[in-house]
Structure formats: C-alpha cells, structure tokens
Amino acid sequence: MNGLRAVVVCFVIACAAVVSPAAAVTAGPAPTPSWSALPVPPAAPPVTVSDLAARGPREAWATGYEQATDGLRPMLYRWNGTTWSRDTSFPGADEPGWLGKAQFVGTDVWILHNRAGAGELLGRSAGGWSAVPLPLTLWTYQDFAAVPGAAWVVGEDDTGLKVLHYDGSRWTTQATPDGVLYLMGITARTATDAWAWADTSTGTSVLRWDGTAWRDAKVPLPPDSNVHTLLLEPSGRITIGGSQYTDGVARTYLMTSNGHAWRTAYPPLGDTSTEAMVRGPDGALWLPVRSDRAFQSKYARVDGPRTTFSYGPERTKAIDVKPRALARAGSGLLSFGTVEIYGSKPNLMSERLGG
C-alpha cells in the first residue's frame with residue numbers, strides 16, 4: 001500500500017537606525033482573525049459531506065456524495081491553498097457509490113470508497129491514484145483509519161461485525177472482545193496504537209489495539225453516554241467527545257487524558273455533536289454548532305474551562321448554513337459543508353479562519 005509507509009524558511013534582516021522618540025510607533029494588538037467564505041464549484045443536489053482532511057495550508061481534500069439521476073455518485077474536492085476544484089480523476093469517479101473518511105499518511109491521502117457496493121481504499125501519491133480492494137463486501141462500511149504500515153476498515157456483513165486490517169501487503173480479520181456488537185468509529189496513532197468506540201452488550205465502550213489484540217481500554221465514560229469522536233495527539237493526549245443522557249435529555253461532554261488520568265467536562269454546548277471536532281492551531285478545540293442565525297454558520301472554541309463562539313460570513317438569502325467537517329490547515333482552519341439559499345436545494349460551501 002504505497003504511502004502507508006513545508007518547509008518554510010524565513011529570513012529576518014535586522015537594521016539598526018537612529019530615530020527620534022517622536023518617530024517611534026507602538027504597534028497595537030493583532031486583529032482577531034475572522035471566518036471568510038471560499039467559493040466551491042457546485043455539485044448535483046442534494047449533497048452530503050463526509051469528511052475533510054488537510055496537510056498544511058496548501059492541500060486539503062473534501063469527500064462525500066451527490067445525487068445523480070440513477071443514484072449516489074462519489075464527490076471529491078481538492079483545495080490547493082487558493083481555490084477549491086472538483087477532482088474526477090480517481091478510479092470509479094463515474095460509478096455509483098460514495099466517498100467516506102479521508103486521511104493523510106505522510107504526503108499521500110487515503111480515502112474510504114464504496115464503489116458500486118464493494119469497498120476499497122483509494123490512495124493518491126505523487127504517481128497518481130491507486131486502489132486497494134477490501135477482501136469482503138460489507139453491508140455497511142462504518143469507518144476507516146490509516147497510519148504508516150497499517151489501515152483498518154470497520155463495518156458489518158451478514159455474519160456480523162467485521163474489523164478488517166491491512167498491513168501494506170495483505171488483509172486479515174481481527175477479533176474484538178466478547179460482548180462487542182458494533183464499532184461506531186476507529187482512529188489510530190501508529191500501527192500498534194489504534195482506538196475504537198463500540199456499542200456493547202453493557203453500553204458504550206472504548207477499545208484499544210496494542211499490536212496484538214483489541215481490548216477494553218477501561219475508559220470511565222459518563223453513565224448513559226455515547227461517543228462521537230476520539231482525538232489522538234502525538235503528545236499522548238487523548239480527547240473524547242460525546243453525549244450523556246439524563247432523563248432523556250442529551251448534553252455534550254468532553255473527556256481528556258494525559259496518559260495517566262481522565263478528566264470530564266461539560267462545556268455549554270447543549271446537545272451539539274462533537275463528530276467534527278478538531279484541535280486547532282491555537283491549541284483549543286473547535287467544532288461547528290447549530291447556528292441561531294439562518295444566514296451564518298457558527299463555531300465553538302473550547303479552551304479549558306472557557307467556551308467562546310464565532311460566526312461565519314453572512315450569506316445573502318441563506319436559510320441554513322451547515323459546516324459538516326473541520327480540519328486544521330497550517331495556521332488556520334478550514335470548514336466544508338452545505339448552504340441552502342432560499343429557492344434552491346442545499347449545495348456546497350467552505351469557510352476559512354485565519355491563514
């Protein structure tokens with residue numbers, strides 16, 4: 001599996017000069033960056049956005065599917081640092097299906113692809129596109145994770161739960177602990193450090209792959225809760241986001257671990273899904289939230305105990321603006337989603353925070 005294996009040079013020239021005190025100027029604080037709109041070539045509505053992955057400020061990929069006359073068609077867009085463009089060069093671009101999660105492994109991008117019902121991993125390197133077919137056709141292709149030397153696809157077939165593992169040359173099927181009914185998501189830091197969140201006979205649990213077996217990670221999730229996402233960071237920090245239900249009412253929770261202990265917080269996010277949550281370049285957690293303004297998107301920034309909100313640009317005649325995915329792109333953030341303009345069906349939109 002090819003690839004499962006920016007340098008900016010700044011020159012500062014200091015010049016000494018003698019100036020009078022009257023000529024000295026004190027710089028004020030830097031302006032707060034704001035969200036700006038990025039044009040996106042339209043797709044065939046209705047459209048669904050699956051994921052967004054970025055590798056620095058000059059390369060990002062957004063995935064999903066559109067509605068063609070004979071069913072769903074995969075949808076892929078590429079950001080080059082200046083513009084979004086549609087990519088139709090990948091294998092199966094003109095066949096029924098959809099594109100799911102996208103991930104960078106080194107300089108290559110890998111994407112989960114449902115191609116006319118059969119699953120495969122699409123890979124794009126400097127040499128172009130390649131495809132690695134899955135060994136089984138599944139009823140559902142729930143999630144995907146890739147790191148150097150390993151990839152996983154989780155889903156179900158007529159015999160039940162399947163965890164498919166690829167080591168760069170062959171596929172194998174991995175077993176999960178007794179009582180695991182369904183894997184809702186998976187992510188990985190290395191080939192021997194992968195995590196998944198599961199529906200089990202006793203509720204939601206978090207599992208960990210240590211290179212030998214999948215085991216219960218013994219994460220003390222809040223009672224009556226689920227998991228939307230799990231962020232693994234090179235520092236060792238882990239962040240889990242989900243919802244806890246009390247008397248049928250959901251509220252968002254966040255759990256963080258430094259490798260030794262877990263801490264749970266309940267930021268003022270209502271019942272917001274954390275599925276699109278990312279760690280921003282400022283070190284805070286960012287996620288899209290339900291907007292109280294029909295013509296603007298809304299984002300939450302969670303930095304320890306402090307939660308703040310920002311709005312996207314105003315969109316003329318918009319009646320619903322929905323960012324679906326976020327990604328860190330260098331020193332800024334990219335979002336990708338849909339916008340519904342009065343009198344038309346929802347189509348694609350993108351926004352950027354900072355540069």
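This is a predicted model: local features need pLDDT of at least 70, side-chain atom pairs count only at pLDDT 80 or more; totals for chains, interfaces and linings use all residues.
**Strands, hairpins and rings**

Val-339 stands opposite Asn-347, a residue of strand E28. Residues are numbered from 1 along each chain as its sequence is written, and side-chain values use heavy atoms, with hydrogens and water left out.

Some terms. Strands, labelled E, are DSSP runs of at least two residues, numbered from the N terminus. Two strands pair if DSSP finds at least two bridges between them. In general, strands of a sheet pair through backbone hydrogen bonds, either parallel or antiparallel.

Now strand E27, residues 332-341. Eight of its ten residues are buried. Buried means under 20% relative accessible area, with a 1.4 Å probe and protein chains only. E27 pairs with strand E28, residues 347-353, in the antiparallel sense over seven bridges. These two form a hairpin with five residues between them. In that turn, Gly-343 has a positive phi of about 95 degrees.

E27 also pairs with strand E26, residues 318-329. That pairing is antiparallel too, over ten bridges. Here Pro-323 stands opposite Gly-337 of E27. The hairpin of E26 and E27 has two residues between the strands, and Gly-330 takes a positive phi near 65 degrees.

Next, the rings. How many aromatic pairs does the structure hold? Ten. Rings of Phe, Tyr and Trp (its six-membered ring) pair if their centres lie within 6.5 Å; planes under 30 degrees apart count as stacked, over 60 as edge-to-face, and the rest as tilted. Trp-61 and Trp-129 are edge-to-face, 5.7 Å centre to centre, with 80 degrees between the planes. Trp-61 is in strand E3 and Trp-129 in strand E9, 68 residues apart, so this pair links distant parts of the chain.

Trp-129 has another partner, Phe-90. That pair is edge-to-face as well: 6.0 Å centre to centre, 65 degrees between the planes. Phe-90 sits in the loop between strands E5 and E6, 39 residues from Trp-129. Why do we call Phe-90 buried? Because its relative accessible area is 3%. Trp-129 is buried too, with 17%.

Ring pairs also link Tyr-77, Trp-79, Trp-84 and Phe-336 into a cluster.

Last, charges over rings. The rule: NZ of Lys or CZ of Arg within 6 Å of the ring centre and within 35 degrees of the ring normal. Arg-293 lies over the face of Tyr-311, 3.6 Å from the ring centre. Lys-298 lies over the face of Phe-309, at 4.8 Å.

Methods:
Buried means under 20% relative accessible area, exposed over 50%, partly exposed in between (1.4 Å probe, protein chains only). Helices (H or I, at least four residues) and strands (E, at least two) are DSSP runs, numbered from the N terminus.
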